[in-house]
Amino acid sequence: MPELREHPDRPVRLLGFWRSSENQELPNPADLVDPAWDEAERLSVADYLEHGQVAGYWMGSSRCRLCSRSNGSRDFTDGYYLWPEGLAHYVLDHGVRLPAEFIDHIELRREVLDELERDVAWWRENAARVEQDRVADVCGFDTEPACLGTTDTLASGKHRSH
Ligand SMILES: [Zn+2]
C-alpha cells in the first residue's frame, strides 16, 4: 500500500499562481499551454483540482489571464498542494499543462484513498452515543427512551430545557 502522506513535514506547495506586477517571478500561463496534452488526462486533472478543500478566500474574483472570464475567488488544497480555484479552467479549457510531479501526485493520492483501511465500527458506536445523548437531552437522564415523542416534537424542542 502506498504511503498515506508523502513528505508530511514539507510546507504546502503552491501551484497555478501567475505572474503579476507584484510578482514577476511567477510563470505566465500562456507559456505552459500544450494543445497536444491528452484530453483524458486533462479531464482527470481538472476533476481533481475542482475537488480540493477550501483553504481561503480572496477579495473579489480573479480573471483568467487567457480569456478574461471571471475565474473564482477561493484557494483549494489537498493538504500537499494549494492552488487557485480557477486552475481547473486553465487546464480544461486552455490546455495549460501542469508539472509531471503533480500529475504523479494525483495518481498516488487516488490510489491511497482507494485503498484506505475502513473502520465502520466507529460510526456505529458513535451514532449510538449521539442517540443516547439525544434521549438524555430530551427526556432527562432518568427517563426511559420510551418518553421520546415524534420527530416533530423533537424538532420543535418543546422538551428542551435550554
Ligand atoms: Zn480562460
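The legends below describe close-up views of a predicted model.

Residues are numbered from 1 along each chain as its sequence is written. Because this is a predicted model, local features need pLDDT of at least 70 and side-chain atom pairs count only at pLDDT 80 or more, whereas totals for chains, interfaces and linings use all residues.

**View 1. Overall order of helices and strands in the chain.** The chain holds five helices and four strands, where helices (H or I, at least four residues) and strands (E, at least two) are DSSP runs numbered from the N terminus. Along the sequence these elements follow the pattern β-α-β-β-β-α-α-α-α. The mean pLDDT, the predictor's confidence in each residue from 0 to 100, is 87 for the chain, and 81% of its residues reach 70 or more. Over residues 153-161 the pLDDT is below 50, and this stretch has six contacts in the model beyond near neighbours in sequence, a contact being a pair of residues whose C-beta atoms, placed from the backbone, lie within 7 Å.

View 2. Helix α1 (residues 39-50) has twelve residues and reaches 16 Å from its first C-alpha to its last, close to the 16 Å expected at 1.5 Å a residue, the expected span being 1.5 Å times one less than the number of residues.

**View 3. The largest nonpolar core.** This core is a set of buried Ala, Val, Leu, Ile, Met, Phe, Trp, Tyr and Cys residues joined through C-beta atoms within 7 Å. Of its 13 residues, V45, L49, W83, L87, A88, Y90 and V91 touch the most other members. Helix α2 supplies the largest share, four residues.

**View 4. V96 in the loop between α2 and α3.** V96 is found between α2 (87-94) and α3 (100-114), and counts as buried because it has 24 C-beta neighbours inside 10 Å. Leaving aside neighbours within four places in sequence, V96 is in contact with P29, L32, V33, Y90 and V91.

How values were computed. Buried ≥ 20, exposed ≤ 12 C-beta atoms within 10 Å, placed from the backbone. Contact = placed C-beta atoms within 7 Å.
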